[in-house]
Amino acid sequence: MTERIPIAGPWITEKEVGCAADAAANGWYERAGYYVQRFEDAFANYLGVKHAIAVPHCTSAIHLALAALDIREGDEIIVPDITWIASAAPINYVRATPVFADIDPTTWCLSADSVRACVTERTKVIIPVGLYGLMPDMDALRKVADEYGLHIVEDAAQTIGARYKGRLAGTFGDVGVFSFHGTKTLTTGEGGMFVTDDSRLFERAQILRDHGRTKANFQNFYNTEVAFKYRMSSVQAALGCAQLERIEELVGRKRQLFGWYKERLSDIPGLQLNAEPDDYFNTFWMTTIVVNPDLGLNAQQLISALSENAIDTRPFFHPLSSLPAYSHLPRVAESKARNTTAYSISPRALNLPSAMKLTEAQIDRVCVVLRQLLV
């Protein structure tokens, strides 16, 4: 039988195995917390920020950010309509209201013009999301945020290593957040990171991530408030340390995979691949295609046809405003009417196999099948 081509997966070497094994065997007693601190310090140094907090996943990092910013019931938070629900779910955790803005047709990221149309007197935060390896126009979003006095929590879950005007993803907001899920370019299996240059937010998040214990009361197990349990394990952090040492190699691999796809698919009329405009450095976490309606196939038809050929894919994100989970929101009908780009692209787009260990021969096989379907 033809071996299935996977959609996503990491690149793990003996370096990662050795670090994880050392943490499992020796990350206790006097070395408890060693790898977590090492990972946090190394990550902050990589980004050039003051503070980093390793957490169980990116969802918890967004939750910490909103809680540290004292977001509460009645507040509104603007997020792109096209993203994974984890970007928006923490808004509900703090009892605030998500408001869905449209995306840019080229970058597929949050549109600053749409954000401006969504701002009300209740708006407190913008959560821009880098999509599939490409960042939003952070200058335009910062201009809107400054105009209305809004915070930015930059969701860089999919964009580690990406750059906008030479500056790394995750460094543009009051807080930046990252994911290290097993599908991500840099992985700890699960895991995430909260980063900031704001010492006040950092100190508040440190208390909130550990059941409301201050540094002074840490060993006394004395809690000043009810908070959360958002700590990363030593084994995860050790894996992260090793992966971070290889970050340029990992990002380079993602760009190589995309390059192979581009060589084979860019001549197909009516097929759009991930963009890399001037001033942007795309890490191509997921190679994505958008199909022109004239080609006669939608994403679900392509996904089914590729699956029959032992090729795993995944759909482009569904607009959040289209999900049953958010059907109760008072402004959801407004979002559906306004966010025309999100609703146009979503049913015509899918992610191609982007696992770190794919071979050129496997990508060639994917492209041969795609060409048979589209040309």
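Analyst: Let's begin where helix 7 begins: there, a side-chain oxygen of aspartate 198 comes to within 2.9 Å of the backbone nitrogen of arginine 200. This is a predicted model, so read every distance here as a property of the prediction.

Next, which residues of helix 7 are buried? They are Leu201, Phe202, Ala205, Ile207 and Leu208. An α-helix has 3.6 residues a turn, so residues three or four places apart point the same way. Keep that in mind as you look at the list. As for what lies over these buried residues, the cover includes strand 1 (51–55), helix 3, strand 8 (175–179) and strand 9 (192–196).

The crossing is right-handed. On the helix 3 side, the contact uses Leu64, Ala67 and Ala68, while helix 7 brings Arg200, Leu201, Arg204, Ala205 and Leu208. Sorted by class, that contact of helix 3 with helix 7 comes to six nonpolar residues, no polar ones and two charged ones. Notice that Leu201, Ala205 and Leu208 turn up both among the buried residues of helix 7 and in its contact with helix 3. Arg200 is in that contact as well, and its backbone nitrogen is the one that the aspartate 198 side chain reaches.

While you're on helix 3, find threonine 59, which sits in that helix. Is threonine 59 buried or exposed? With a relative accessibility of 18%, it counts as buried, since the cut-off for buried is under 20%. Setting aside neighbours within four places in sequence, threonine 59 is in contact with Ala86, Pro90 and Tyr93.

Now for a comparison, go to helix 10 (residues 299–308). At its start, a side-chain oxygen of asparagine 298 gets to within 3.2 Å of the backbone nitrogen of glutamine 300. After helix 10 comes alanine 310, which has a positive phi, near 65 degrees. The buried residues of helix 10 are Ala299, Leu302, Ile303, Ala305 and Leu306. They pack against strand 12 (288–291), strand 13 (314–315), strand 14 (349–351) and helix 13 (360–374).

Take the helix in that list. The axes of helix 10 and helix 13 come within 11 Å and cross at roughly 130 degrees, which makes helix 10 oblique to helix 13. This crossing is right-handed too. Leu302, Ala305 and Leu306 from helix 10 meet Val369, Leu370, Leu373 and Leu374 from helix 13. By class, the contact of helix 10 with helix 13 holds seven nonpolar residues, no polar ones and no charged ones.

A further pair is helix 1 (residues 14–26) with helix 8 (residues 234–245), packed at an angle of about 155 degrees with axes 8 Å apart. The two are therefore roughly antiparallel to each other. Their crossing is right-handed. Helix 1 supplies Lys15, Glu16, Cys19, Ala20, Ala23 and Ala24, and helix 8 supplies Ser234, Val235, Ala238, Leu239, Ala242, Gln243 and Glu245. That contact of helix 1 with helix 8 has eight nonpolar, two polar and three charged residues.

Phenylalanine 39 counts as buried, because its relative accessibility is 0%. Beyond residues up to four places away in sequence, it touches Phe180, Leu186, Thr188, Met193, Met232, Ala237, Gly240, Cys241 and Leu244. Its C-alpha atom lies 7.6 Å from that of alanine 54, 15 residues away along the chain.

Threonine 159 is found between strand 5 (151–155) and strand 6 (163–164), and it is buried, with a relative accessible area of 0%. Again leaving out residues up to four places away in sequence, threonine 159 touches Gly130, Leu131, Gly133, Leu134, Met135, Ala169 and Thr283.

Conventions: Residues are numbered from 1 along each chain as its sequence is written. This is a predicted model: local features need pLDDT of at least 70, side-chain atom pairs count only at pLDDT 80 or more; totals for chains, interfaces and linings use all residues. Side-chain values use heavy atoms; hydrogens and water are left out. Axes are lines fitted to C-alpha atoms, for helices over the stretch in contact, and angles run from 0 to 180 degrees between N-to-C directions. Helices (H or I, at least four residues) and strands (E, at least two) are DSSP runs, numbered from the N terminus. Angles under 35 degrees count as roughly parallel, over 145 as roughly antiparallel, 65 to 115 as roughly perpendicular and the rest as oblique. A crossing is left-handed if the near helix is turned anticlockwise from the far one by less than a right angle, and right-handed if clockwise. Contact means heavy atoms within 4.5 Å. Ala, Val, Leu, Ile, Met, Phe, Trp, Tyr, Cys and Pro count as nonpolar, Asp, Glu, Lys and Arg as charged, and the others, Gly among them, as polar. Buried means under 20% relative accessible area, exposed over 50%, partly exposed in between (1.4 Å probe, protein chains only). A polar contact is a pair of N or O atoms within 3.5 Å; within protein, one must be able to donate a hydrogen and the other to accept it, and residues adjacent in sequence count only if both atoms are side-chain atoms.
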